[in-house]
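Dear colleague,

Please find below the sequence and structure that I am handing over to you. I would be grateful if you would look through the structure before reading the findings that follow.

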Amino acid sequence: MLALIGWSTLPAGLLPKWLWVVGVTSFLNTFQAFATLSATRRIYSNKPHEVTGLSGRTFGVWTLVSAVVRLYGAYNLHLAPMYNIVLCTFGIAWLHFMSEFFVFRTAKITGPFLAPCVVATSSLIWMVSQYGHYVKQY
């Protein structure tokens, strides 16, 4: 829905554009998570048998929620609560992927696993470093 508003109405700066791209990509990945388990199994390639239809759909719902929050946030980064919620989506994703790799051992270092890890890590660092630039201080 917000993706239809488009690129031209985003606030100035690269971070809103990045969040828009990540949000649209996540939105598209939602359909993939519901349609097939193959992509999700590539992320959790160390134990692909643990990726079930239910866990794949749950991953899809989480991806959809993240997409909506990030797309909405791309247009509203000046609001501290919105900025913080978007930041939390990346923090939760980062914690999830790190725990799957280090604790649960379901993931191994492959391209499909590294992609969301790089997005979460770089987005976290970027958002923390740019907080004062985007959030209006009163």
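**Findings**

The protein contains six helices and zero strands. Please bear in mind that this is a predicted model. Read along the sequence, the elements follow the pattern α-α-α-α-α-α. The radius of gyration of the protein is 16 Å, close to the 14 Å that the globule rule gives for 138 residues, so the protein is as compact as a globular protein of that length. Along its principal axes, the C-alpha trace spans about 50 × 30 × 20 Å.

The UniProt record, an unreviewed entry, lists residues 18-39, 51-73, 79-97 and 109-128 under "transmembrane region". I looked at two of these segments in the model. Over residues 79-97 the chain is 95% helix and 0% strand, with 28 Å between the end C-alpha atoms.

I then turned to contacts and surface. Of the contacts between residues at least 6 apart in sequence, 68% join residues that are at least 24 apart. Buried residues account for 41% of the 138 residues in the protein. The protein exposes about 7,700 Å², and carbon and sulfur atoms supply 73% of that area.

Yours sincerely

Notes: Residues numbered from 1 in each chain as written. Predicted model: local features only at pLDDT ≥ 70, side-chain atom pairs only at ≥ 80, totals over all residues. Heavy atoms only, no water. UniProt positions renumbered as here; feature names shortened; annotations may be inferred. Helix = DSSP H or I, 4+ residues; strand = E, 2+ residues; numbered from the N terminus. Rg over C-alpha atoms; globule rule 2.2 N^0.38 Å. Buried < 20%, exposed > 50% of the residue type's maximum accessible area, 1.4 Å probe, protein only. Contact = heavy atoms within 4.5 Å. Areas by Shrake-Rupley, 256 points an atom, 1.4 Å probe, with all protein chains shown as cover.
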